[in-house]
Amino acid sequence: MQQVPIGPHGRPDINPYERDIDMTVPLTFLDRSLGDIPMRLTADDRFLLDTATFLKLLRPILNDEAHVRLSDHLAGRTQFGPEDLDGTGIGLTYDPSTLAVVVVQVGAEQRATLDLFAPPKDDLDDITLQPESFSAYLNLSAIQSYVWEGSNNTSPPTINFDGAVRVGPVVFEGDAQFGQQFTLSGEGYKFRRNYARLVYDQPQDYRRWFVGDLDVEIRGQQAYVQMGGIGVLRQQRRFNTFRAAILQANRQLILQRESTVRFLRNGSLYREMRLQPGRYDFSSLPLVAGSNDIQIQVTDNSGAVQNLAYQQYLDPIDLDPGDFEYSAYIGPTSKRFGYAPDYKGPVAFSGFFRKAFFNAPAIGIGLQASKDVQTLTGQTQLVLRNGGRVLLDAAGSHSKNAGAGFAGGISYEHFFDRGGLSDSMTLRADYISPRFSTLSNIQGINSNSMTVSAQYTRQFSMKFLTTSTASYIKGRGILGDSYRAGVTGYYRFDPRWTFRTGVEYTKFPSASSTSGFSVLVGLVFQPDYRRRAEARYESRDNLAELSYNQSGLNQLNSVGFGGVVTRQDQSAQAVGYASYSANRFDVAVSHGTFGPSLSNIANINATTLRVGTTIAYTDGMVGLGRRINDSFMLLKPHKNLGKRDVVVGQSLAQNDYIARSGPLGAAVHNFLGSYSTQSVQYDVESPPPGYDTGPGVFRVHPPYKSGYAARVGTDAFASAIGTLMLTPEKPVSLIGGRVTLLDVREGDNPQPTPFFTNSVGRFAVPNLLPGRRYLVETYGSNGTVDKAFEFTVPTETTGLVDLGTVRSGSFQ
């Protein structure tokens, strides 16, 4: 920090204006900002901080014991100076060059434990908008196809609709359609329900309850079955999608001096960092599956070196170490798969429990049972010291029709960390006995007895890698065996161009399938994440294909399009498609042509058109928009904004809007995901000068399929500007104060708002009510409050009120 000369009061001259100045400044510690804090620069060059804000901002820095001692030490003070911290082990200074208060001293024994590798967490303290207790939406789409040749060109359109209604913590969700259906009794235009259920979440426990058509999850050798009834699922990743697969143990590092710390994992440097004295937690250090040899080298500022080492085995089974998950579903089963469930089958149970430990093999068990069949499954894995692991699956079954059966699987996975490059290998073998049965296969019909597969990926450099695969399927009865083996190489010329080539040998049991060797070559051009073009050729079917795709965005007037042209022996086809996202709907069209060759590719032509929209409701607002998959927000302007539209998006740069309000109702933000904190940016198109539209961003943490309502604008929308003068030649510069509403009415918020002037006396006062009178007061030395002036906001103002030059002590 720059040196400040000593002023007339015997202290560094941090306030040259010789009167108290109130301001808000950042509070910093080391290389990070803790937040903003109110501060008063006194006329005698002292600085005073707000006690409550200081204790709140310093909470992450101090451990529990030190924070309690500091709170007790400052008890009874609304403001304090750095001299009031004597004896606490904490030191402060003010840096006028950066207008920041700097915490320059915190004892190592006072510091809270800092997690060095912790993943980012949702900051629930800055949530500014809560979901409504009642919300609903309905997605609608119509699909129509037309075949240009023949007499039977078209059939009735297919109408799909799905949506959700949330009442308090309970969500009803459903999906259904009207469309042409083909059955053994013929075809007809019928209604079909895909699912309808109630969902209740307990996010703090990572638990979800279902009633109705169940969303059955399975693990290991379990089989999926359509089921209606009641179910429960405990799964952390459903409520914490972005969690990191890291170890959570209890490993800490205590530094007495400033040090350089290097973390090495399996011989490779993972991270190097410079740390201040204090206590640090490194148990969240990301590990790889299998054996992890960790070395920690600590070099302090005296040159002393310490080496720490330990070995950790990561055994996740798709779970964070120490985590567990389970499910349980019970109800009648459906006998027809792929159609509306009928639930005429027997009552069944399906469930599992899985647990991952810190230093022991993880386990998983499962049970599926009905009166006709029972299946018991188990899972575990052994973590090897060489960076590999063995996974084991087993299941036993009993069916009244097939008797007893067995299924088992074993796989070996190995990850090779080569210091920036990595290889991986997977071997898998599965066996199914002739009579192994499940809820979806009561008869125990198993056409294959054994499957063996292997894959090895080798990364030669950052540009070149190969993937080798092999598989063998042993058929049962009259069904023969199948083989497949091949290797594919990928070479990346630059970030846009990739060349791939490979060779493969296959053998199928059926004579109608093509066996033998095949060569593949392809060239991929991908300039960005939205656009991709590829040309490829496969010798087996003499197949040549050229494709291009440019995906659309969830923004107004976004366009996506692409096409595929394919030619092989005796056939050729070309398909082109495009999509457009409007404010209130989206539309997609595709056209395909088919023929025996490229010269006769247009023998058959078919066109498909899809149009979709959404209607959403919450808190008295209605809006039409594009498809909603989870949560949503409706935004509309305040009545005093007239016909001006509200625009909304995750980023409003370059006018990239997701939605806007208008004659068809509120703007519909259709892209909010549940259980993660997100920012929603909004603005008003061409607002009146001086109109206060608010902060321009909402922070939300949506529950499952919830709805938000936001009315942009306020009754207190006016802003006043002017210049405060003490005399015609002398401005009232750099002074603080407050603005108070004088004619308070029912429903008003009479709390004063801050008032500041700059070095030439200019000021701006936001959030003012038209037609109301306000008092401006300024803070003097020794804590005095002086009346500066009064003014009235004109009733007919559209936003900005220019008070011009205001004399201190005047009344306007």
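A: The answer below takes the strands in turn and then moves to the rings.

This is a predicted model, and the protein chain has an average pLDDT of 87, with 91% of the residues scoring at least 70. One stretch needs care: over residues 243-249 the pLDDT is below 50, although this stretch has 25 contacts in the model beyond near neighbours in sequence. Where pLDDT is low, the predicted coordinates should not be read in detail.

In general, strands of a sheet pair through backbone hydrogen bonds, either parallel or antiparallel. Strand E7 (residues 114-115) runs parallel to E17 and is joined to it by 2 bridges, with Asp115 standing opposite Asp281. Strand E14 (residues 252-255) pairs with E17 in the antiparallel sense, over 4 bridges. In that pairing, Leu253 has Tyr280 as its bridge partner.

Next comes an open sheet of 6 strands, in the order E4-E3-E2-E1-E6-E5, whose pairing is mixed. Its edge strands are E4 (79-80) and E5 (90-95), each of which pairs on one side only. On the E5 side, 6 bridges connect E5 with strand E6 (residues 100-106), and the two run antiparallel.

Strand E39 (residues 631-637) runs parallel to E45, with 6 bridges between them, and Leu635 has Ala710 in E45 as its bridge partner.

The hairpin from E27 to E28 passes through 4 residues. E28 also pairs in the antiparallel sense with E29 (residues 482-492), over 10 bridges, and Ser468 has Val487 in E29 as its partner. The hairpin of E28 and E29 has 6 residues between the strands, and Gly477 in this hairpin takes a positive phi near 70°.

Now the rings. The structure holds 28 aromatic pairs. In one of them, the rings of Phe178 and Phe191 have centres 5.2 Å apart and planes at 55°, so the pair is tilted. Phe178 lies in strand E10 (residues 170-183) and Phe191 in strand E11 (residues 186-202), 13 residues apart. Phe178 is partly exposed at 34% relative accessibility, and Phe191 is partly exposed at 46%. The rings of Tyr691 and Phe717 have centres 4.8 Å apart and planes at 20°, so that pair is stacked. Tyr691 sits in the loop between E43 (678-684) and E44 (697-700), while Phe717 sits in the loop between E45 and E46 (718-727), 26 residues apart. Both Tyr691 and Phe717 are buried.

Beyond these pairs, Phe755, Phe763, Tyr774, Phe789 and Phe791 form one aromatic cluster. Charged side chains also meet rings. The charged end of Arg40 sits over the ring of Tyr779, 5.5 Å from its centre, and Arg197 lies over the face of Tyr195, at 4.2 Å from the ring centre.

Technical notes
Residues are numbered from 1 along each chain as its sequence is written. This is a predicted model: local features need pLDDT of at least 70, side-chain atom pairs count only at pLDDT 80 or more; totals for chains, interfaces and linings use all residues. Side-chain values use heavy atoms; hydrogens and water are left out. Two strands pair if DSSP finds at least two bridges between them. pLDDT is the predictor's confidence in each residue, from 0 to 100. Contact means heavy atoms within 4.5 Å. Rings of Phe, Tyr and Trp (its six-membered ring) pair if their centres lie within 6.5 Å; planes under 30 degrees apart count as stacked, over 60 as edge-to-face and the rest as tilted. Buried means under 20% relative accessible area, exposed over 50%, partly exposed in between (1.4 Å probe, protein chains only). A charge sits over a ring if NZ of Lys or CZ of Arg is within 6 Å of the ring centre and within 35 degrees of the ring normal.
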